[in-house]
Amino acid sequence: MAGFSINNFGLFGGSSGGSSGNWMSNLLSMTADYNSIRSGAYSKLLRSYYGKTNSPIRKKDSDDDNKKVKPEVDQTVASAKSDADKLKKSAAALTTTGTNSLFKEKEIETVDEETGEKVKTMGYDRKAITSAIKSFVSDYNKMVDSGSDSENTTILQKTLAMTQITNSNSKLLAKIGITVEKGNKLKVDEEKLNDADINTIKTLFNGIGSYAGQVASRAGQISSAAMNASLNSSLYTSGASYNRNSYSSFFDYGI
């Protein structure tokens, strides 16, 4: 029986009588290619190539070959999520109840208007409360802007629902110096706010069932909608067609 020869299978394009030097060189080349594929180097080269030639693909965040390369997320969606999270945080500073509440009475130092002497009494830290409300209003207005700029229908709907909550509380807000202006933005009259009835302020801003609590709930929904939109953009284009590049083009090569 004839002896087994690698060249009998034509792996290196030579004949059984070919030069031993040629087939050995081909063997070494094939071995190098095989080791390159095993080590992931070939896959990295493909990723690098398609990362440059396919604009929907962005550069990987790490060297993990198993990570999927995702297209750039719509900036308006990212802005909406960022602003929603900030609004939730500023609302939480006001809605928190219990020992850490801004509306918990504590010993404060005031100045007697007649004598000019400093007097310690139990009361509310109006300065801290006013500062927290101003931060809330600022974050609310930014949320209105970014939510309105978004083309995502869910984000738009949740932002609209948030402004409707504000409109339904507009009369009570006006009593403490907060008015609804053009574009559904809020404006604070700080002097009027400082002189406003503290119980009215508490009704609007303290507790999860308050106006601020309801706004925080909507902000949470906007944040979730933005997160979902961000994840979905990895799979689908703006025209709702499947984006093959979201996973990579490597499947075309069986890698």
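Modeller: Start with glutamate 117, which has 52% relative accessibility and therefore counts as exposed. The label rests on cut-offs: buried is under 20% relative accessible area, exposed is over 50%, and partly exposed is in between, with a 1.4 Å probe and protein chains only.

Biologist: What kind of model is this, and how are residues numbered?

Modeller: It is a predicted model, numbered from 1 along each chain as its sequence is written, where local features need pLDDT of at least 70, side-chain atom pairs count only at pLDDT 80 or more, and totals for chains, interfaces and linings use all residues. Side-chain values use heavy atoms, leaving out hydrogens and water.

Biologist: Where is glutamate 117 found?

Modeller: Glutamate 117 is in the loop between strand S1 (106-111) and strand S2 (118-123). Helices and strands here are DSSP runs, numbered from the N terminus: helices are H or I with at least four residues, strands are E with at least two.

Biologist: How many helices and strands does the protein have?

Modeller: There are nine helices and four strands. From the N terminus on, they run α-α-α-β-β-α-α-α-β-β-α-α-α.

Biologist: What makes Asp112, Glu113, Glu114 and Glu117 a patch?

Modeller: They gather on the surface as a patch of negative charge. Patch members have over 30% relative accessible area and no salt bridge; like charges are joined within 9 Å, and nonpolar side chains (Val, Leu, Ile, Met, Phe, Trp, Tyr) within 5 Å. Asp and Glu count as negative, Lys and Arg as positive, while His and the chain ends are not counted. Glutamate 117, at 52%, counts as exposed, so it passes the area cut-off of over 30%.

Biologist: Why are aspartate 85 and lysine 81 called a salt bridge?

Modeller: Their side chains meet at 2.8 Å, N to O. A salt bridge needs a side-chain nitrogen of Lys or Arg within 4 Å of a carboxyl oxygen of Asp or Glu, so the pair qualifies. The two are four residues apart in helix H3, which means about one helical turn separates them.

Biologist: Why is aspartate 85 not called exposed or buried?

Modeller: Aspartate 85 has 29% relative accessibility, so it counts as partly exposed. Lysine 81, at 23%, is partly exposed too.

Biologist: How do you know that lysine 106 and aspartate 125 form a salt bridge?

Modeller: The gap is 3.6 Å, N to O, and the limit is 4 Å, so the pair counts. It links distant parts of the chain: lysine 106 is in strand S1 and aspartate 125 in the loop between S2 and H4, 19 residues apart. Lysine 106 is partly exposed at 40%. Aspartate 125 is partly exposed at 25%.

Biologist: How many salt bridges are there in the whole structure?

Modeller: The search finds four. Another of them joins the side chains of glutamate 190 and lysine 134, at 3.0 Å, N to O. Glutamate 190 is in helix H7 (residues 190-195) and lysine 134 in helix H4, 56 residues apart.

Biologist: What makes a nonpolar core?

Modeller: It is a set of buried Ala, Val, Leu, Ile, Met, Phe, Trp, Tyr and Cys residues, joined through side-chain atoms within 4.5 Å. The largest one here has 38 residues; Ile133, Phe136, Ile201, Phe205 and Tyr211 touch the most other members. Helices H3 (75-95), H4 (126-149), H5 (153-168), H8 (198-205) and H9 (211-232) each supply at least two residues of this core. H9 gives the most, with nine.

Biologist: How much of the protein is buried?

Modeller: Buried residues make up 32% of the 255 residues.

Biologist: Why is lysine 175 called exposed?

Modeller: Lysine 175 has a relative accessible area of 60%. The cut-off is over 50%, so the label holds. Lysine 175 lies in helix H6 (residues 170-175).

Technical notes:
Accessible areas come from the Shrake-Rupley method with a 1.4 Å probe; for residues, only the protein chains shown count as cover. The place of a charge is taken as NZ of Lys, CZ of Arg, CG of Asp or CD of Glu.
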